[in-house]
Amino acid sequence: MKLSIVVPVYNEVETLPRLYDALLPVLRNTGHEYEVLLIDDGSRDGSWEVLQELAQKNAHIKVIRFRRNYGQTAAMNAGLHEATGDVVITMDADLQNDPTDIPMMLAKLDEGYDLVHGWRKNRQDKALSRKLPSKIANWLISRVTGFPIHDLGCTLKAMRREIAQDIQLYGEMHRFIPILAHWRGARCAEVVTKHHARQFGVSK
């Protein structure tokens with residue numbers, strides 16, 4: 001099995017070396033072939049130069065650059081459709097998602113699911129400005145769509161490539177990938193994942 005890791009990047013120059021150091025050992029330990037697709041969404045802080053250095057250091061790293069900032073959905077869509085792996089894993093570049101959750105999500109896929117999405121049950125964000133609005137939104141969307149979910153905002157997901165490449169994203173639709181997949185007949189599962197406080201920069 002081959003894994004494709006898709007990571008949108010926007011002004012994350014401080015976190016990129018740390019992301020590389022955290023992600024690569026996990027991928028090597030899975031025993032699977034892998035590629036890491038890093039999509040620079042028009043960064044202006046030196047992220048592109050760091051991405052180029054990482055790609056030169058490791059042939060598994062592939063980088064894509066947008067000429068300007070188009071938003072996370074566009075970057076995610078580009079990565080999903082460039083991925084060549086049997087399983088596509090999406091995650092943020094800011095190290096709030098934890099790469100050590102990847103083996104657990106792969107094991108869940110092996111149970112027969114098509115998509116596994118994370119639930120940041122213990123979110124390390126400010127309660128009023130981020131957690132409460134998110135909780136209300138997730139509840140409303142779950143009620144309206146009939147799709148049971150706790151955390152549409154978690155970028156950490158693992159899905160089979162045929163599901164990933166059947167989805168066309170636009171606007172802010174990257175948040176709704178589990179629902180879009182479900183509507184296409186995918187078997188989806190939600191798992192509790194770790195969540196860390198942001199160490200550098202600000203939320204995009």
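**Exercise 1.** Which kind of link joins the side chains of Glu 35 and Lys 2?

Some ground rules before the solution: this is a predicted model, where local features need pLDDT of at least 70, side-chain atom pairs count only at pLDDT 80 or more, and totals for chains, interfaces and linings use all residues. Residues are numbered from 1 along each chain as its sequence is written, and side-chain values use heavy atoms, with hydrogens and water left out.

*Solution.* 
- Step 1: recall the rule. A salt bridge needs a side-chain nitrogen of Lys or Arg within 4 Å of a carboxyl oxygen of Asp or Glu.
- Step 2: check the distance. Glu 35 and Lys 2 come to 3.9 Å, N to O, and that's a salt bridge.
- Step 3: place the residues. Glu 35 sits in strand S2 and Lys 2 in strand S1, so this pair ties together parts 33 residues apart in sequence. (Strands are DSSP runs of E, at least two residues; helices are runs of H or I, at least four; both are numbered from the N terminus.)

**Exercise 2.** Find the other salt-bridge partner of Glu 35, and say how accessible each of the two residues is.

*Solution.* 
- Step 1: Glu 35 also forms a salt bridge with Lys 62, with the closest N and O atoms 2.8 Å apart.
- Step 2: Lys 62 lies in strand S3, 27 residues away from Glu 35.
- Step 3: use the cut-offs: buried is under 20% relative accessible area, exposed is over 50%, and partly exposed is in between (1.4 Å probe, protein chains only).
- Step 4: Glu 35, at 2%, is buried, while Lys 62, at 37%, is partly exposed.

**Exercise 3.** Work out how the strands of the sheet are arranged.

*Solution.* 
- Step 1: two strands pair if DSSP finds at least two bridges between them.
- Step 2: follow the pairs across. You get an open sheet of seven strands in the order S3-S2-S1-S4-S6-S5-S7, with mixed pairing.
- Step 3: look for the edges. S3 (61-65) and S7 (188-192) each pair on one side only.
- Step 4: zoom in on one pair. S4 (residues 87-90) and S6 (residues 157-160) run antiparallel over four bridges, and Val 88 stands opposite Met 159 in S6.

**Exercise 4.** Describe the salt bridge of Arg 184.

*Solution.* 
- Step 1: the partner is Asp 166, and the closest N and O atoms are 3.2 Å apart.
- Step 2: Arg 184 is in the loop between helix H7 (177-183) and S7, and Asp 166 is in the loop between helix H6 (161-164) and H7, so the pair ties together parts 18 residues apart in sequence.
- Step 3: Arg 184 is partly exposed at 43%, and Asp 166 is partly exposed at 42%.
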